[in-house]
Amino acid sequence: MRLLPLKSSMIASVGYDPALEAMVVQFNSGKIYRYDGVPSDAFVAVVTAKGSVGKMFNFHIKNKAYPFRQLKPDEVQNL
């Protein structure tokens, strides 16, 4: 999966697979997480945020409690 860089104090880059409804988020800390069951409109809301990307992520992804797991960097290439 290709990750797109974002200008955010919280998130370095994101990627999305619409067929799997899987969103991958690389945080500025370097940690990478995969969130499953994320609808495309939630992903779009995060990447097109006009204000805080982190706030949009928290509102549309984190607060919705989508199942997630931490990935190793090499796992992202296999998505």
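Visitor: What kind of model is it?

Guide: This is a predicted model, where local features need pLDDT of at least 70, side-chain atom pairs count only at pLDDT 80 or more, and totals for chains, interfaces and linings use all residues. Residues are numbered from 1 along each chain as its sequence is written, and side-chain values use heavy atoms, with hydrogens and water left out.

Visitor: How many salt bridges does a search of the whole structure find?

Guide: Two, taking a salt bridge as a side-chain nitrogen of Lys or Arg within 4 Å of a carboxyl oxygen of Asp or Glu. Arginine 34 pairs with aspartate 36 at 2.6 Å, N to O, and arginine 69 pairs with glutamate 75 at 3.4 Å.

Visitor: Is arginine 34 buried or exposed?

Guide: Buried, at 14% relative accessibility; the cut-offs are under 20% relative accessible area for buried, over 50% for exposed and partly exposed in between, with a 1.4 Å probe and protein chains only.

Visitor: New topic: where does serine 8 lie?

Guide: Serine 8 is in the loop between strand 1 (4-5) and strand 2 (11-17); strands (E, at least two residues) and helices (H or I, at least four) are DSSP runs, numbered from the N terminus. Serine 8 is buried, with a relative accessible area of 19%.

Visitor: OK, which residues does proline 67 contact?

Guide: Setting aside neighbours within four places in sequence, proline 67 is in contact (heavy atoms within 4.5 Å) with Arg34, Tyr35 and Asp36. Proline 67 is exposed, at 52%, in the loop between helix 2 (53-60) and strand 5 (68-71).

Visitor: Last one: what lines the largest pocket?

Guide: Its lining includes Met10, Phe27, Tyr35 and Lys62. By class, the lining has nine nonpolar, no polar and one charged residues, with Ala, Val, Leu, Ile, Met, Phe, Trp, Tyr, Cys and Pro counted as nonpolar, Asp, Glu, Lys and Arg as charged, and the others, Gly among them, as polar.

Visitor: How is a pocket defined there?

Guide: On a 1 Å grid over the protein atoms alone, a pocket is an open set of points where a 1.4 Å probe fits, with protein on both sides within 12 Å along at least five of seven lines, and lining residues have an atom within 4 Å of a point.
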